[in-house]
Amino acid sequence: MNKTTNLFLPKELESFRFEIEDTLLSAMIITPYKRSTTLTESKFAGEPYLPYSQTYPKDITGEPMRLLAQINFAEMPPLKDFPSQGILQFFISSNIFVNVDHYHEDIFQQFYKIRFYPTVNFEATVPKQEFLVQTADDRFPIHQELALQFQPIQEPVSALDYRAIHCLPNLIPSSQDVDLREIYLQHFLGAGAKIGGYAYFLEEDIRHESQLLKRYDVLLLQIDSNDEIGIMWADSGVGKFFINREKLLQKDFSDILFQWEHY
């Protein structure tokens, strides 16, 4: 694991620097911005790359899904364990927003679909526009096509990650007079749009009591609400996709945990 010597820490946490830096993971911060894209570019929403041999993905009810995100790894700086080329796509169905209170998780890809193309054929079809039309009451979390910029970072364990209490036993939870856990929460929540690193949870890590879910140990993609740029998961929520590290190394994206939550 690569370490950094310039990780910013509040003065109250300096005595825990070694333990905190020992949790560092490589991540790729995603900055979305308004711009139209080509079919093969990285993007949030918009039209996906679709080879002639592929059909447009539909959910289990037969309803066409929509492109949530497309990552062209050739456009992204290298990230440990992730592909260096190919296109990874995330589709979701509007049905995931029906009759959901504050939380939803799924591993069966019935209302979302992950596709990976290890090589890119630039003779791709253009999806039918009716699949992409938004209505006034559309609940799709991304309101317009967004191009993406990438910035590699290293980040420490997020405060609500189930591993935090094991990695930082003297800090989370804290029994000292100063509430160090609260200070850690303020600085290391793991929020934002990114690939890799640690996830952001509104309440608690869904994996902490499940051996089944703990196998999804890599954050494949996180998209956080950002009202300024037109991203909103219901009431200021966040969407996350997790994968097992061995499956990621094999470029096998058939087994994915998708979870989204909101206030």
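**Starting from one residue**

Setting aside neighbours within four places in sequence, Q259 touches Y103, H104, E105, F201, I206, V238, G239 and K240, where contact means heavy atoms within 4.5 Å. Q259 itself belongs to strand 13, residues 256-261. Its relative accessible area is 0%, so Q259 is buried (under 20% relative accessible area, with a 1.4 Å probe and protein chains only).

A quick word on the model: it is predicted, so local features need pLDDT of at least 70 and side-chain atom pairs count only at pLDDT 80 or more, while totals for chains, interfaces and linings use all residues. Residues are numbered from 1 along each chain as its sequence is written, and side-chain values use heavy atoms, leaving out hydrogens and water.

Now for some strand pairing, which takes at least two DSSP bridges between two strands. Strand 9 (residues 146-155) runs antiparallel to strand 1 (residues 25-34), and 10 bridges join them. Here T31 has Q149 of strand 9 as its bridge partner. Strand 9 also pairs with strand 2 (residues 43-44), again in the antiparallel sense, over two bridges. In that pairing, F44 sits opposite L146.

Stepping back, the protein has five helices and 13 strands; these are DSSP runs numbered from the N terminus, with helices (H or I) of at least four residues and strands (E) of at least two. Of its 263 residues, 53% count as buried. Among contacts between residues at least 6 apart in sequence, 72% join residues at least 24 apart. The C-alpha trace spans about 60 × 40 × 35 Å along its principal axes.

Key:
Buried < 20%, exposed > 50% of the residue type's maximum accessible area, 1.4 Å probe, protein only.
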